[in-house]
Amino acid sequence: SNIIDAVRWLLGEREAKNMRSLKADDLIFSGTQHRSRMSVAQATIVFDNSSHFFPVDFAEVSIRRRIERDGTSLYYLNDAEVRLKDVIDFFAKARLGTKGFSIINQGDSALFVRALPRERRAMLEEILGLRQFQLKKHDAELKLKATNINMDKARALAEELLPHLKLLRRQTAKWEKHDALEKELRELEQAYFGSKILFLNEQETALEPKISGLNGSLAAEHAKLKQLQGELARVEKESGFDKGSKEHVSVRQRERQDLSARTAELQKELGKLEAQVEMLARGSQTSADARELVHLLEEVRQTLEDALMETDLKTVRALLNQLFEKIGEVLESGETEDNSTEQRLHFENAREKFVRELEAIDAKLISLQKIEEERAASIEGFHAVFKRAFEAVEKKKDEIAVLDGERNKFVFEKERVRIAREQLVHEALQAGRNLTEFSAAKPEAAVDAGLERRMLRLRAELADIGEVDQGLIKEAQETEERYRFLSTQLEDLERACRDLTVLIKDLDEKIHDDFTEAIRAINEQFHNYFRMMFGGGQAKLTLEKAIGLREQERGEEGQPVGEEAAQDADAEHAVDHGGIEISVAIPKKRITGLDMLSGGEKTLVSLAVLFALISVSPPPFLVLDEA
């Protein structure tokens, strides 16, 4: 009996009363007068698994269970610690358990007849190998219950959170638009400022070499101009037209002025002579008639006027000689003895005086004329050399002016680019941006008026939205994240519920189908063994109508529903597929119920069922204590 209790204990028995004890501590040796008590009880069963009957890859399988006085219970499979649930599952797959026919204790040979219909079905399912599916179904039902509870909690939390979330969504809707508008504005600013910077950089890059080239050309041209100006100064210096030369020119000009003044005096003298001629004509007693005198006076006047108008001294002198000769002819023809000598002397003196004066002026003018001709020849040669040097200087100045104009044009363009860059920096600062952010930008499109208008429109919309409340945004994000998490969890739980429901349904169908098929074969064998034992008659196992309701659920509210409940391999099934009823007909005896059978008859009926089960689904071993 002790060995049978140890085997039952190893198979996962938890009820102490089924092992002839009141509590688990009774299994530990309490000691005697000669031996001290033990603190632990332990048992091990070893199976030969060379045929791989058990679902493990070991040739030998050992199951060990250990209990200590503090209530700790340990299980080992091949010295590896496992859970009680693992042990129960292991034996269930091998068609072993604590409720089947594998172990019949002393006095329990009529166990099958005395058992309740549902207990009979459990015995049959265990020895048929359906117990493992019942355990899986039981686990699935526990998980389904826990999942439903969690799903209800998640749904309640989500429904409680949703009104507040809707309020936050309404409040943050415009700020969500703010982010989209700000993102679009950033992209437009990137294109706008990037294009502007790229354009200005290209202009600067194009202007710099031009300005540098023109600066070099101007420097070279200025050096050439300086050289030409030096050549011009050298020509001017070597020509002799210095300060002294200029002073000589001034002296000659003064001499010419003096001669002009003297000529004017001679003209006055000629006027006086004309007057004297008139006076002589009036007072003289000549033989010439009046008409000749008048004619003479007119000739004198005309000659004097011509002399006064003439600038050439030689011509003036010739005119005066002609005048004197005419006057002399007239005077000689009409003069008297009294005044001829005096008048001739007077005119001779005047003539001599005029001749000397004119000869002196003539000589002086010839000298000045000769000097001026020499000077003119010298000036003409100087002018040719000076003109060439001067024209070269002026031409070089013109070329420099042209180059300087081109350089100034490019410098002006560079300055315009600089001013445009400063304006762009100011524009970026007004937009709250730094121009250095766009230095590496490579825009895909050029800037147009439409782009600027869109930027202005977006800035106006952002200004209307106003500042974003970061605290409210954060709360909305956290609430939204919490709601999404609950929604995801709820979807996962609903999917898990559907999967568990399908699993339970599949397990129910398999259990039902396999059991229904097996019960036919069992009934056939049961009928044969019954007739053999009773010398005839009839026996049959029939299925009760399934009630489809839970009889008992492990894990009350507030108590964990999980491993502890799943560890209870003997817990009632969550869904009852119906029990097993026994109907027998013994020869020569009217039986209306099993209670009318004697003890021996009940034992024979139970053994007939056991033999029928062994015939259909033989277990690994049987333990019969005085059956």
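In this predicted model, P117 counts as buried because its relative accessibility is 18%, and burial requires a value under 20%. P117 is found in helix α4. The C-alpha atoms of P117 and G579 are separated by 4.2 Å, although the two residues are 462 residues apart along the chain. When residues up to four places away in sequence are not counted, P117 touches E544, G579, I580 and E581.

The axes of α4 and α11 are 11 Å apart and meet at an angle of about 95°. This angle makes α4 roughly perpendicular to α11, since values of 65 to 115 degrees fall in that class. On the α4 side the contact is made by R121, L124, E125 and L128, and on the α11 side by I511, F515, A518, I519 and I522. Sorted by class, the contact of α4 with α11 has 7 nonpolar and 2 charged residues, with no polar residues.

A further packing of α11 involves helix α13. Here α11 covers residues 470-534 and α13 covers residues 599-616, and their axes come within 8 Å and cross at roughly 135°. The two helices are therefore oblique to each other. The crossing of α11 and α13 is right-handed. From α11, the residues that make the contact are A521, I522, Q525, F526, Y529, F530, M533 and F534. From α13, they are E601, L604, V605, L607, A608, V609, F611, A612, L613, S615 and V616. The class composition of this contact is 16 nonpolar, 2 polar and 1 charged residues.

The largest nonpolar core has 36 residues, of which L124, F526 and L541 touch the most other members. The most are given by α11, with 9 residues. Leaving aside neighbours within four places in sequence, F526 is in contact with A539, K540, L541, I582, V605, A608, V609 and A612. L541, one of these contacts of F526, is itself among the core residues that touch the most other members. A second, separate core consists of 29 residues, including L84, F90, F91 and L135.

H52 is not a glycine, yet has a positive phi of about 60°. H52 lies in the loop between β1 (40-48) and β2 (60-68). With a relative accessibility of 49%, H52 counts as partly exposed, because the exposed class begins over 50%. N78, also not a glycine, has a positive phi of about 50°. The loop that holds N78 runs between β3 (73-77) and β4 (80-82). N78 has a relative accessibility of 23% and therefore counts as partly exposed.

Technical notes. Residues numbered from 1 in each chain as written. Predicted model: local features only at pLDDT ≥ 70, side-chain atom pairs only at ≥ 80, totals over all residues. Heavy atoms only, no water. Axes fitted to C-alpha atoms, helices over the stretch in contact; angles between N-to-C directions. Helix = DSSP H or I, 4+ residues; strand = E, 2+ residues; numbered from the N terminus. Parallel < 35°, antiparallel > 145°, perpendicular 65-115°, else oblique. Left-handed = near helix turned anticlockwise from the far one by under 90°. Contact = heavy atoms within 4.5 Å. Nonpolar A, V, L, I, M, F, W, Y, C, P; charged D, E, K, R; others polar. Core = buried A, V, L, I, M, F, W, Y, C linked by side-chain atoms within 4.5 Å. Buried < 20%, exposed > 50% of the residue type's maximum accessible area, 1.4 Å probe, protein only.
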